[in-house]
Structure formats: structure tokens, C-alpha cells
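This report looks at the surroundings of two ligands, one after the other. Please keep the sequence and the structure in view while reading.

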Amino acid sequence: MNTEDVLNEFRDAGALREGHFVLSSGLHSPVFLQKNLVFMDGARCERLCKALAEKIVATVGPVDVAISPAVGGIIPGYETAKHLKVRSMYVEREGGGFKLRRGFSVEPGEKVVMVEDIVTTGLSSRECIAAIQAAGGEVIAAACIVDRSGGKADVGVPLVALASLDVPAYPADALPPELAALPVEDPGSRRLSK
Ligand SMILES: O=P(O)(O)OC[C@H]1O[C@H](OP(=O)(O)OP(=O)(O)O)[C@H](O)[C@@H]1O
Ligand SMILES: O=C(O)c1cc(=O)[nH]c(=O)[nH]1
Ligand SMILES: [Mg+2]
């Protein structure tokens, strides 16, 4: 499955949104990939995550466990882990940072792949990887359905992306006038509890 195939899945799901969005990183963008509309369709989610699992194994070899950052990473993390035939766990925010909770644990020596839905700056991926390492996990790779940084995001380990796009994103104080003129949506979960 190549980038165009992945984009077609997003288009068909109505998940390729245009407007004015504030992203998890605080950057603003005219484009938002509403991945939940993709993952709500089990067959569509399976096609994407099966392809991601195959690409992970082809790139870094077998892994022992997949761990994702909540909320967006939970469904693709589970589905990708299913095709990798490994355990699926997630980290979630507690007091601002990600933590492995709910009785989840990693055994010493297990190889972990961190599975994200979308990578923009790589901030959430780096935070998730740090939480896995704090729990004793060895993260050998990261993976995502879409890397929208055009390959520029550095998550500190090899990143396996099913699709790679270069989508514009701007700091709040440097918005193009046509973007600033639109009402802003904040669709993610990072600022939900504030
Ligand atoms: O690479 P980054 O700049 O960190 O951006 C990508 C992150 O943003 C979204 O999560 P968000 O925090 O919006 O919440 P969600 O997982 O609930 O959608 C997405 O799920 C990624 O985790
Ligand atoms: O950077 C983000 O927060 C982000 C971008 C995007 O296109 N989709 C998403 O779910 N999050
Ligand atoms: Mg997320």
C-alpha cells in the first residue's frame, strides 16, 4: 500500500478535512486527517494496519509488543499488533505526561514498536517512547499510518510510515491571512482536560 492508496482510504472515509485546525503540537494547519473516521470502519482499519504490520516486519524484523499513545493510537495500535501477532498496550496522559497504566507491563529484553496514528512534529511519539523507556521497554522502532511531516519529524528511533505527506503547519503567530480568517477547531485530546 503506497501513500496514494492510504490517502484514498482517508478520502473515501471523509477524513481528509480542510479548514483551520490547531494541532496537538500547538501548530495551526489548513488540513486535518480525522483518523477516527477511518478507524471506525473495521475493514478499512484492517487494510491499513495489516499493511503497516507487514512494513514494520520488512523494515525492522520481528517485534515482541506494540505500544501506542492514547487516544488516537489505541485502535491502530491494537489492529497492527493483531497482524504482528503480539500484545497491544497503550500509554495515556496522567498529570500531563504519558504513563503505562492499567496493569500493562513490558518484560526485560522485549522489543517494542511504538505505533502512532499520525505524526506531525513527532512530539507525541517522543513522549510515548520516553514513557515506554521509563517502564523498562526497549523501543526498536516507531510506526505510523501517516507521517505528515514530509519525513522531517525525528522521533529518535527509525520511523516506519505507511504514508508520507508534507502538509503545511504554522506557529500561532505566523498564520497566513486566509487561515487566520477561519474559525479554529481543536480536534485532538491533548488540551481536553484544561
Ligand atoms: O506528532 P505530533 O505533533 O505530536 O502530532 C501527532 C499527534 O497528534 C494527535 O494526537 P492528539 O494529542 O491530538 O490526541 P488524540 O490522540 O486523542 O487524537 C495524533 O493522534 C498524534 O498522537
Ligand atoms: O498534529 C496533529 O495533532 C494531528 C494532525 C492530523 O492531521 N490528524 C490528527 O489526528 N492529529
Ligand atoms: Mg494522538
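## Contacts of ligand 1

A backbone N or O atom of Val71 lies 3.4 Å from an oxygen atom of ligand 1, a polar contact in the sense of a pair of N or O atoms within 3.5 Å. The model is a predicted one, in which local features need pLDDT of at least 70 and side-chain atom pairs count only at pLDDT 80 or more, while totals for chains, interfaces and linings use all residues. Residues are numbered from 1 along each chain as its sequence is written, chains are lettered from A and ligands numbered from 1 in the order in which they are written, and side-chain values use heavy atoms, with hydrogens and water left out.

Side chains also take part: an N or O atom in the side chain of Glu116 is 2.5 Å from an oxygen atom of ligand 1, and a polar side-chain atom of Ser124 lies 2.6 Å from an oxygen atom of this ligand. On its own, ligand 1 exposes 490 Å², of which the protein buries 92%, with areas taken from the Shrake-Rupley method with a 1.4 Å probe.

## The shell around ligand 1

In total, 17 residues surround ligand 1, and the closest are Lys35, Glu116, Thr121, Ser124 and Ser189; a residue is counted if one of its heavy atoms lies within 4 Å of the ligand. By class, this shell has 4 nonpolar, 9 polar and 4 charged residues, where Asp, Glu, Lys and Arg count as charged, Ala, Val, Leu, Ile, Met, Phe, Trp, Tyr, Cys and Pro as nonpolar, and the others, Gly among them, as polar.

Strand S6 gives the most, with 4 residues.

A backbone N or O atom of Ser24 lies 2.8 Å from an oxygen atom of ligand 2, while a polar side-chain atom of Thr120 lies 2.6 Å from an oxygen atom of the ligand. For Arg148, an N or O atom in the side chain is 2.8 Å from an oxygen atom of ligand 2. The accessible area that ligand 2 has on its own is 290 Å², and the protein covers 91% of that area.

Definitions and conventions. Polar contact = N/O pair within 3.5 Å; in protein donor to acceptor, adjacent residues only side chain to side chain. Helix = DSSP H or I, 4+ residues; strand = E, 2+ residues; numbered from the N terminus.
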